Amino acid sequence: MESLSWVLEGQVATVLIQRPPANALASGLIKEIDAVLDELETNSDVRVILLKGEGRFFSAGADIKEFTTIESGEEFSKLAKKGQDVFERMENFPKPIIAAIHGAALGGGLELAMGCHIRLVSENAKLGLPELQLGLVPGFAGSQRLPKLVGRAKAAEMLLTSDPISGTEAVQWGLANKAYPEDELFDKAKEMADKIAKKSPGAMKAAIELLSYTKDDRFYEGVMRESDLFGEVFVSADAKEGISAFVEKREPHFKG
Ligand SMILES: C/C=C/C(=O)SCCNC(=O)CCNC(=O)[C@H](O)C(C)(C)COP(=O)(O)OP(=O)(O)OC[C@H]1O[C@@H](n2cnc3c(N)ncnc32)[C@H](O)[C@@H]1OP(=O)(O)O
């Protein structure tokens, strides 16, 4: 694997995203996450998974530079579907997955974190879905998971303003479980992972299966619609402007 590694400490597998400078989720990295899940699922020494990012951020989202190489809306929708499937697999994964988020979890990075069962954050982390700043919409099920966690009004604010919230706010808003000073985050996350790892694997698997019944058919309809709209919006002139503006490090000017 190029951008992902994992190490077993006790019964906890710590998975590290290693794709400098921003741990951007290129399509290859999403496939690597899927492949790592295969390994972790069958390895009976692994009881709990702790996911974190190397460097300055957890993950700054899908790889915006890779977007410039995608030509059709269909291809873009396909990219979204792959991310949706992998993050859905994570949410239903038979072993608990904890995200330890420092720096930033933006766009696809936050969608990855929302696919985890528990989110621990640094107080100063930035969490958001800034896709509209690029002339896009979320594509990895964020449009459906975020309102379930924070409610529709706060999700609307986060989507429409593109402004991130801090780790401290994320806990107040129900998006994250606990916030810590950044230098304590990984130790605290490992402590929680070790505690959970002592539980019965069979009971943990059953508990996770039970949690999945809180999602209804509308969620899956919304996720399908999201990948369609992700592709439709991508072919607009505004999306081209938003993506170019990011690459050129300037403000976008959307004409509609
Ligand atoms: C379906 C999913 C869709 C999506 O996920 S769309 C993407 C949503 N994410 C975003 O829009 C976040 C974009 N990034 C940012 O807002 C900022 O960056 C940060 C807040 C994460 C960090 O800001 P700062 O500390 O000022 O650093 P910096 O110079 O902007 O970034 C460092 C390097 O990282 C690259 N980078 C950051 N995010 C991404 C990304 N998402 N895809 C590709 N590259 C990214 C930059 O370009 C730059 O690189 P260089 O040093 O070569 O100029």
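Between domain 1 and domain 2 the count is two salt bridges, a salt bridge being a side-chain nitrogen of Lys or Arg within 4 Å of a carboxyl oxygen of Asp or Glu. The model is predicted, so local features need pLDDT of at least 70 and side-chain atom pairs count only at pLDDT 80 or more, while totals for chains, interfaces and linings use all residues. Residues are numbered from 1 along each chain as its sequence is written, and side-chain values use heavy atoms, with hydrogens and water left out.

Select residues 4-197 as domain 1 and 201-247 as domain 2, bounds that come from an automatic or database domain assignment. Their centres, taken over C-alpha atoms, are 13 Å apart, and the contact (heavy atoms within 4.5 Å) takes 37 residues from domain 1 and 27 residues from domain 2. Together the two domains bury about 2,600 Å², 71% of it on carbon and sulfur atoms; this is the accessible area (1.4 Å probe) lost on putting both parts together, summed over both.

Next, select helix α3 (residues 73-91) and helix α10 (residues 217-234), whose axes come within 7 Å and cross at roughly 150°. Helices here are DSSP runs of H or I with at least four residues, numbered from the N terminus, and the axes are lines fitted to C-alpha atoms over the stretch in contact, with angles from 0 to 180 degrees between N-to-C directions.

Show side chains now: among the residues that meet are F76, A80 and Q84 in α3 and F219, Y220 and F230 in α10.

Finally, select K215 and E91, whose side chains meet in a salt bridge at 2.3 Å, N to O.

How values were computed. Helix = DSSP H or I, 4+ residues; strand = E, 2+ residues; numbered from the N terminus.
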